[in-house]
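Please read the points below beside the sequence and the model.

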Amino acid sequence: MVEFFKDRVIKTPASYAKTLQEVESIKGQLMPINIAFLSSYTSEILSPYVSVELAKKGYYSDNYFAPFNQFEQEVLNQNSDLYNKNPDVVVVHNMIEDMYPDLVINFAKYNEIELDSIAQQVIERYETILESLRTRVKADIVIVNFSMINVDEVGSIHSAVKQQKNQFTQNINKKLLLLCSKTSSCYSIDYMDMVCKVGVKEWIDRKLYFMARIPFTGQGQIEFGKMLAETINSIKSQPYKCLVLDLDNTIWGGVIGEDGLSGIQISEYYPGNVFKHFQRTVLNLRNQGVLLAIASKNNLNDAMEVFQEHSDCLLKESDFAAIEINWDDKATNIQKIAKKLNIGLDSIVFFDDNPVERQWVSDKLPQVKVIDVPKDTMLYSKTLHDSNCFNFLVMTAEDKSKTKMIQLNQQRAELSENSKDIDSFLTSLSMVVSIGTSDSVTVDRIAQLTNKTNQFNLTTKRYSAAEINKFIESGNIVLYLSVEDCFGEHGISGVAIIKESVECEWIIDTFLLSCRIIGKKIESVFLNEIVNIIKSKKASKLYGQYITSRKNHLTKDFYKKHDFDLSDEENGVWEYDLQKIPRTIDFIKINRV
Amino acid sequence: MREFNKLKQVVSDILEVNIDDINENSSPDNIEKWDSLSHIKLVMAIEAEFNVKLTPEDMMDMLSVKLIKIILAEKLE
């Protein structure tokens, strides 16, 4: 959090307004962000809440509010203020009662087929909006889903009608989510869930509703502002990748070294069920692509016995991508974990019940996010959730199987120790590399890789899916690479973007490989393929670029090693003589998709 | 008096005017930012700071700081 906000209590509309005025004075420390709001109500009322909540996270937001209920005109008119503002984020939030007023008034008269067709009509309007937005701006799009709030429920005397309303809303939200997932760089906010959590009673202020068509109370506006800020921050920032856990009094109660297998608390009953619940939370994160690791001061055998023998311990050895159980200090162990998993310390979250350990890690490794774990063990899951560290907005297929892939990598490493000659080792992997061009299915993963990859990344340029689609539209080449070997699939783990800078002159703008596949000469195969593609385009020149970053030293000599000649030292530009024939690598099969 | 200072503070925060420039005669006529949207913000802020509920009629009657003061005094009695 920005230092300025540390000791402030900002809870009421007046305190937000006051703080907003003061934010101007720290503007220089904040990252500017343009946000455009399209909505069916006077969303301008949200401005101070969104701005202050974003400022806490380090952004200075410039908010543009399209005139209310003119969102379609703004989107469809190419010269509208919306486009002139060149937004980084577009938020679309409409009330169902504004989009289809009769629905709220006369809900009971509609039959199921008619309701389906209404849902379809609303979704089609969103399709039109999204299509125009997607082709005209490169902004990230945030769609807020629907919540059917009747100011008063008296109109619905039958319980069945009320339930049908909820089902209708769920149905339309399901369609909206599907539409978002099909649109690149488009994210959905679950407004309905938020209204339920806060409570419909707290959400409506009749005076605001009837006099100004504002659909929520001051408290609701604050909650919504927080959620928008949270979402925008998740879109714009690098996600944490790994959760490092302590063992004793963290994932089970008691101390295994003292209490023994039968003495520790983990069961279906209190207090053991509290820890079991936390394990479920952690497992759920694992299933969504978070890497788990252990840093614990214990005897390795004592701890392992729990994973192997304790029937109530849901977490198993195989759920962890790295395990450091020893008597070294935890900062050292976390560094070992980072190295083992090939990730930066800044992508690690540390969860430990012991405040001394937390302080130690905070002091030694300030890049690591240390969770302020409460004494009350029942709040462990909530604390982890509220930290928003793992607020992923989209889940790619690769995320689901990440731990498995990393474990396969470790098996590969073991095999490597057994193989004497590297080429014969690589041959034994029976690698097949698939290379294809970015399309609607792969573009999100491609964008994700440009944002996450640090080490084997020649230029470290970060792109959104929308930007990548733009490249393709303007005739550039965006390639992805996926690898399969005898242990399994790696999924999409390489990206190259080649741009035609001047006619017939091409430059490799982006070239990256996920670190789990480097060191296997896959990079050479990928580069050869680029050379071949460029040759087939009758190109006269091919350039590659290396831009040095804090983390990509690994690739410093990449172009040199691949027969490129340095042509512009200042900008790190290398040229490839297209007369040359690239050295082939015969132990990797290429599959052109 | 303490309540009046608090009210002036709220008006100052919401309408972005210096607290010393606010008096009983301050109204939408002489405060630039006091438009219909700010009026709603002001009502929400007063409700939260003084823990009162204002009615639509109150809202329409709040045409100056003096009138807000009178309405608020009734609520706080």
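**Notes on the predicted model**

1. In chain A, the buried residues of helix α14(A) are A:F275, A:K276, A:F278, A:Q279 and A:V282. A residue is called buried if 20 or more other C-beta atoms lie within 10 Å of its own, exposed if 12 or fewer, and partly exposed in between, with C-beta atoms placed from the backbone. An α-helix has 3.6 residues a turn, so residues three or four places apart point the same way.

2. This is a predicted model, in which local features need pLDDT of at least 70 and side-chain atom pairs count only at pLDDT 80 or more, while totals for chains, interfaces and linings use all residues. Residues are numbered from 1 along each chain as its sequence is written, and chains are lettered from A and ligands numbered from 1 in the order in which they are written.

3. Helix α14 of chain A runs over residues 272-287, with 16 residues in total. From its first C-alpha to its last it reaches 23 Å, close to the 22 Å expected at 1.5 Å a residue; the expected span is 1.5 Å times one less than the number of residues. Helices (H or I, at least four residues) and strands (E, at least two) are DSSP runs, numbered from the N terminus.

4. Against which elements do the buried residues of α14(A) pack? They pack against β6 (242-245), β7 (291-297) and α18 (380-386) of chain A. Two residues are in contact if their C-beta atoms, placed from the backbone, lie within 7 Å.

5. The surroundings of α14(A) also deserve attention. A cis peptide bond, with omega about 0°, joins A:Y270 and A:P271, and A:P271 is placed in the loop between α13 (256-259) and α14 of chain A. After α14(A) comes A:G289, whose phi is positive, near 105°.

6. Most residues other than glycine have a negative phi, and most peptide bonds are trans. A:N86, in the loop between α4 (81-84) and β3 (89-93) of chain A, has a positive phi near 45°. It counts as exposed, with 12 C-beta neighbours inside 10 Å. A:T460, in the loop between α22 (443-452) and α23 (465-473) of chain A, has a positive phi near 50°. A:T460 is partly exposed, with 19 other C-beta atoms within 10 Å.

7. An open sheet in chain A has 5 strands in the order β2-β1-β3-β4-β5, with parallel pairing; two strands pair if DSSP finds at least two bridges between them. At the edges stand β2 (59-65) and β5 (186-189) of chain A, each with a single partner strand, so one side of each is left without a neighbour in the sheet.

8. Within this sheet, β3(A) and β4 (residues 140-144) of chain A pair in the parallel sense over 4 bridges. In β4(A), A:I143 is the bridge partner of A:V92.

9. For the chain as a whole, chain A has 25 helices and 18 strands. Of its 593 residues, 38% count as buried.
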